[in-house]
Amino acid sequence: MSVGSDALATDREFFTALLEPSVEDLDRILTDDFVLIDVMSGSEMSRAVLLELVGSGQLDFHAIEPAETRVRLYGATAVVTGRTKTSGRFDGTPFRARSRYTHVFVEQSGRWRLAAAQGTP
């Protein structure tokens, strides 16, 4: 398996952890200083907030369909871009979104971890 496919595998693991949901897997995948720029509001969300929302069920994904994924490598950093179609509920309110996304992974202790994620409608 190539280094690039390892980063893509971790990208898929992130989406799977959101769908299952698995706070334990998210905890393993996300860097301590992870930040998410939300596709719906453009607001910044910390690692702690994302883990709380997913763990409490307040944020519940029903589907995440990635497409057109591409990885670019820069030493111990991988940038993954792609498209997604998502659906779920936030605080009981249904949502659907189509977006382009950018995920920035860094290699830490021999594995890829997600440091930043941004979605754009």
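Leaving aside its neighbours within four places in sequence, Leu114 is in contact (heavy atoms within 4.5 Å) with Phe14, Ile29, Leu30, Thr31, Phe34, His103, Val104 and Phe105. This is a predicted model, in which local features need pLDDT of at least 70 and side-chain atom pairs count only at pLDDT 80 or more, while totals for chains, interfaces and linings use all residues. Residues are numbered from 1 along each chain as its sequence is written, and side-chain values use heavy atoms, with hydrogens and water left out.

Leu114 is also among the residues with the most contacts inside the largest nonpolar core, together with Phe14, Leu18, Leu26, Leu30 and Leu50; this core has 27 residues. A nonpolar core is a set of buried Ala, Val, Leu, Ile, Met, Phe, Trp, Tyr and Cys residues joined through side-chain atoms within 4.5 Å. Buried means under 20% relative accessible area, exposed over 50%, and partly exposed in between (1.4 Å probe, protein chains only). At least two residues of this core come from each of helix 1 (3-19), helix 2 (23-29), strand 1 (30-37), helix 3, strand 3 (59-74), strand 4 (77-90), strand 5 (93-108) and strand 6 (111-120). Helix 1 supplies the largest share, six residues. Helices (H or I, at least four residues) and strands (E, at least two) are DSSP runs, numbered from the N terminus.

Leu26 lies in helix 2 and is buried, with a relative accessible area of 0%. Neighbours within four places in sequence aside, Leu26 is in contact with Phe14, Ala17, Leu18, Leu51 and Val54. The C-alpha atoms of Leu26 and Arg47 are separated by 9.1 Å, at 21 residues apart along the chain.

In helix 3 (residues 47-56), Arg47, Leu50, Leu51, Leu53 and Val54 are the buried residues. They cover an arc of only 165° around the axis (taken from the directions from the helix axis to the C-beta atoms), so they lie on the same side of helix 3. Ala48, Glu52 and Gly55 are exposed, on the face turned away from that buried side.

Strand 1 and strand 2 form a hairpin with six residues between them, and Gly42 in the turn has a positive phi of about 75°.

Terms used
Two strands pair if DSSP finds at least two bridges between them.
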